[in-house]
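Subject: Structure handover

Dear colleague,

Please find the structure below. My notes on it follow directly after.

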Amino acid sequence: PDRRKNRRELLPPAIAAIRAVKYDFGAVDAALTIDGAPLIFEANSAPGLTDRAAELYATAIVEHLEEKP
């Protein structure tokens, strides 16, 4: 799967989920259905930051910033 494409498709509904529950920051558990529609499972106000999770968050943030024009 094209993870960057999936991330781009999931980012708007994930941001909307965080805003809907009025969080300043959060993590969203989401996936794309077999038809490609976004599916939000939950929004977390205090996502766990294990060493691996922190590394994944940092990588995602850097990749997101690098995609900005």
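Alanine 43 sits in strand E2, where helices (H or I, at least four residues) and strands (E, at least two) are DSSP runs numbered from the N terminus. With a relative accessible area of 23%, alanine 43 is partly exposed; buried means under 20% relative accessible area, exposed over 50%, and partly exposed in between (1.4 Å probe, protein chains only). Leaving out residues up to four places away in sequence, alanine 43 touches Ile18, Val21, Tyr23, Ala27 and Val28, a contact being heavy atoms within 4.5 Å. From alanine 43 to alanine 58, 15 residues along the chain, the C-alpha atoms are separated by 19 Å.

This is a predicted model, in which local features need pLDDT of at least 70, side-chain atom pairs count only at pLDDT 80 or more, and totals for chains, interfaces and linings use all residues. Residues are numbered from 1 along each chain as its sequence is written, and side-chain values use heavy atoms, with hydrogens and water left out.

Overall layout

The chain has 2 helices and 2 strands, in the order α-β-β-α from the N terminus on. The C-alpha trace spans about 30 × 30 × 25 Å along its principal axes. Of the 69 residues, 10% count as buried. The accessible surface comes to about 5,500 Å², and carbon and sulfur atoms hold 58% of that surface; the areas come from the Shrake-Rupley method with a 1.4 Å probe, and for residues only the protein chains shown count as cover. Among contacts between residues at least 6 apart in sequence, 23% join residues at least 24 apart.

The strand pair

E1 and E2 (residues 38-44) run antiparallel and are joined by 6 bridges; two strands pair if DSSP finds at least two bridges between them. The two strands form a hairpin with 5 residues between them, and glycine 36 in the turn has a positive phi of about 90°. Leucine 32 has proline 38 in E2 as its bridge partner.

Further along, aspartate 29 stands opposite glutamate 42, a residue of strand E2. Glutamate 42 counts as partly exposed because its relative accessibility is 39%. Apart from residues up to four places away in sequence, glutamate 42 touches Ala27, Val28 and Asp29.

The loops

Lysine 22 counts as exposed because its relative accessible area is 71%.

In the loop between E2 and H2 there is alanine 46. Alanine 46 is exposed, with a relative accessible area of 64%. The C-alpha atoms of alanine 46 and tyrosine 23 are separated by 9.8 Å, the two residues being 23 apart along the chain.

The largest pocket

The largest pocket holds about 1,200 Å³ of space. Of the 26 residues that line the largest pocket, Arg7, Leu11, Ala14, Tyr57 and Ala60 are the closest to its centre. The elements giving two or more residues to the lining are helix H1 (3-20), strand E1 (27-32) and helix H2 (51-67). H1 supplies the largest share of the lining, 10 residues. By type, the lining divides into 15 nonpolar, 3 polar and 8 charged residues; Ala, Val, Leu, Ile, Met, Phe, Trp, Tyr, Cys and Pro count as nonpolar, Asp, Glu, Lys and Arg as charged, and the others, Gly among them, as polar.

On the method: on a 1 Å grid over the protein atoms alone, a pocket is an open set of points where a 1.4 Å probe fits, with protein on both sides within 12 Å along at least five of seven lines, and lining residues have an atom within 4 Å of a point. Grid points are joined across faces, edges and corners, and the volume is the space filled by probe spheres set on the points.

Regards
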